[in-house]
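Open the model in your viewer and keep the sequence panel at hand. The stops below go from one selection to the next.

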Amino acid sequence: MDEKIFNITATMMMEYIYCKRIPFFSKNLYIPSNATNSYKVREGKRVHKERAQNQSEYLRKKIGVIDKKVDDYLFSSRYNISGKVDEVLFLDNGQAAALDYKYSMFKGKVADSYKLQIVFYSILIEENYDLPVNKGYIVYIRSNNRLEEIELIDEDYSNFFDAYQGLSNIINN
């Protein structure tokens, strides 16, 4: 990869996927993004904080979780990316997985941006815990806490690195 100067956060990546102009305006014109101030984002943070306090010991044994870390802030020195993973799940097969809560409804398909965020977190988990990550999970809060499993494939990583390169070009130039 090219020389990395500016740390890329999960939030920056999600904003880039939403609209490629946001990081340009934020970095070059110092115009802040309002995306993180929306009602859904604020409500999602509130619900997540409540869950972290009330269910910190809850393990999803149906999917093989034997341990977890909640609100785990991770950094990758290899890619100069960072993010706070809602839950890092340690599975009974010796692997790990990211779990992310979304204050949204499931509409029959996991959004590409959500999948990319899971890949982002998977890279962080693999580097920090030296464990393989082949899947991740999304909990759709507004769909009765529906849990969706995401199998990670090569194409998902390719999509991530395309977005990573595009975002890097904007913020490092």
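This is a predicted model. Begin by selecting R146 and E148, whose side chains form a salt bridge with an N to O distance of 2.5 Å. Colour the two by accessibility: R146 is partly exposed at 39% relative accessible area, whereas E148 is buried at 15%.

Next, select E149 and K135. These two also form a salt bridge, with 3.8 Å between the closest N and O atoms. The pair links distant parts of the chain, 14 residues apart: E149 belongs to strand β6 (residues 146-151) and K135 to strand β5 (residues 135-140). E149 counts as partly exposed, with 38% relative accessibility, while K135 counts as buried, with 17%.

Now move to the helices and select K115 and D156. Their side chains meet in a salt bridge of 3.9 Å, N to O. K115 is in helix α4 (residues 112-129) and D156 is in helix α5 (residues 154-171), so this pair ties together parts that lie 41 residues apart in sequence. K115 is partly exposed, at 25% relative accessible area; D156 counts as buried, at 7%. In total, the structure holds 6 salt bridges.

The last stop is I81, in strand β3 (residues 81-91). Is I81 buried or exposed? Its relative accessible area is 0%, so I81 is buried. Show its contacts beyond the neighbours within four places in sequence: among them are N7, I8, L74, F120, L124, F160 and Y164. I123 is another of these contacts. Draw a C-alpha to C-alpha distance from I81 to I123: the two are 9.2 Å apart in space and 42 residues apart in sequence.

Methods: Residues numbered from 1 in each chain as written. Predicted model: local features only at pLDDT ≥ 70, side-chain atom pairs only at ≥ 80, totals over all residues. Heavy atoms only, no water. Helix = DSSP H or I, 4+ residues; strand = E, 2+ residues; numbered from the N terminus. Buried < 20%, exposed > 50% of the residue type's maximum accessible area, 1.4 Å probe, protein only. Contact = heavy atoms within 4.5 Å. Salt bridge = Lys/Arg side-chain N within 4 Å of Asp/Glu carboxyl O.
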